[in-house]
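Subject: Structure handover

Hi,

Here is the structure I promised to pass along. Have a look first, and then read on for my notes.

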Amino acid sequence: MEQYWSTVGALLLALIACEHSDIALATNKATKPGVCPIWNGFGMCHQFCRFDTQCPNVQKCCSNGCGMQCMRPYEEKPGVCPPEHGASICSEACSQDGQCERDQKCCKTCGHACRDPVLV
């Protein structure tokens, strides 16, 4: 019985050490500049990353609505979205400007779509 409790004690100490090292790791990991995009919907419920430094280039470790994954940070391009005329697209083609080509912005339609901006 004594061996049982010493094993349990050793396991508890190992668990506390692991938990403490995770906290130390979290405080030692640098955060990359930028802001995570707002995620519309749910992604895969898996932890693909825990820290920005685990992501390539400028990508950050962001929530995908269920898990965490590397994503390009939110990027706001100059200009404003043009007013909507006529029928609009009801799909979610983007959630931030950085997902649009060239100088296009992610604009609210019936959903969201990339549009050429009106420069102010």
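Keep in mind that this is a predicted model. I'll start with Val120, which is exposed, with a relative accessible area of 88%. Val120 is found in the segment after strand 4 (112–115). Together with Val80 and Val118, Val120 forms a nonpolar patch on the surface, and the three share about 290 Å² of accessible area.

Now for the cysteines. How many disulfides does the count come to? The count is eight, going by sulfur pairs within 2.5 Å. I went through three of the links in detail.

Cys45 to Cys66

This disulfide has an S to S distance of 1.6 Å. The torsion about the S-S bond is about 105 degrees, so the link between Cys45 and Cys66 is right-handed. Cys45 sits in the loop between helix 1 (2–28) and strand 1 (60–63), while Cys66 sits in the loop between strand 1 and strand 2 (68–71), so the pair ties together parts that are 21 residues apart in sequence. Is Cys45 buried or exposed? Cys45 comes out as exposed, at 61% relative accessible area, whereas Cys66 is partly exposed at 38%.

Cys81 to Cys107

Here the S to S distance is 2.1 Å. The S-S torsion is about -90 degrees, so this disulfide of Cys81 and Cys107 is left-handed. Cys81 belongs to the loop between strand 2 and strand 3 (105–108) and Cys107 to strand 3 itself, so parts that are 26 residues apart in sequence get tied together. Cys107 is buried, with a relative accessible area of 1%, while Cys81 is partly exposed at 31%.

Cys100 to Cys114

The sulfurs of Cys100 and Cys114 are joined at 2.1 Å. With -85 degrees about the S-S bond, this link is left-handed. The pair connects distant parts of the chain, 14 residues apart: Cys100 is in the loop between strand 2 and strand 3, and Cys114 is in strand 4. Cys100 counts as buried because its relative accessibility is 7%, which is under the 20% cut-off. Cys114 is partly exposed, at 22%.

Around Lys77

Cys100 also turns up in the surroundings of a lysine. The side chain of Lys77 reaches the backbone oxygen of Cys100 at 2.7 Å. Lys77 lies in the loop between strand 2 and strand 3. Why does Lys77 count as buried? Its relative accessibility is 11%, and buried means under 20%, so Lys77 falls in that class. Leaving aside neighbours within four places in sequence, the contacts of Lys77 are Asp97, Cys100, Glu101, Arg102, Asp103, Gln104 and Lys105.

One of those contacts is Arg102, which lies in the loop between strand 2 and strand 3. Arg102 and Lys77 are 25 residues apart in sequence, with 9.6 Å between them in space, C-alpha to C-alpha. Arg102 counts as exposed, at 62% relative accessibility, whereas Lys77 counts as buried. The side chain of Arg102 makes a polar contact of its own, with the side chain of Glu101 at 3.1 Å, and Glu101 is also among the contacts of Lys77.

Cheers

Notes:
Residues are numbered from 1 along each chain as its sequence is written. This is a predicted model: local features need pLDDT of at least 70, side-chain atom pairs count only at pLDDT 80 or more; totals for chains, interfaces and linings use all residues. Side-chain values use heavy atoms; hydrogens and water are left out. Patches are made of residues with over 30% relative accessible area and no salt bridge: like charges are joined within 9 Å, nonpolar side chains (Val, Leu, Ile, Met, Phe, Trp, Tyr) within 5 Å. Accessible areas come from the Shrake-Rupley method with a 1.4 Å probe; for residues, only the protein chains shown count as cover. A salt bridge is a side-chain nitrogen of Lys or Arg within 4 Å of a carboxyl oxygen of Asp or Glu. Helices (H or I, at least four residues) and strands (E, at least two) are DSSP runs, numbered from the N terminus. Buried means under 20% relative accessible area, exposed over 50%, partly exposed in between (1.4 Å probe, protein chains only). A polar contact is a pair of N or O atoms within 3.5 Å; within protein, one must be able to donate a hydrogen and the other to accept it, and residues adjacent in sequence count only if both atoms are side-chain atoms. Contact means heavy atoms within 4.5 Å.
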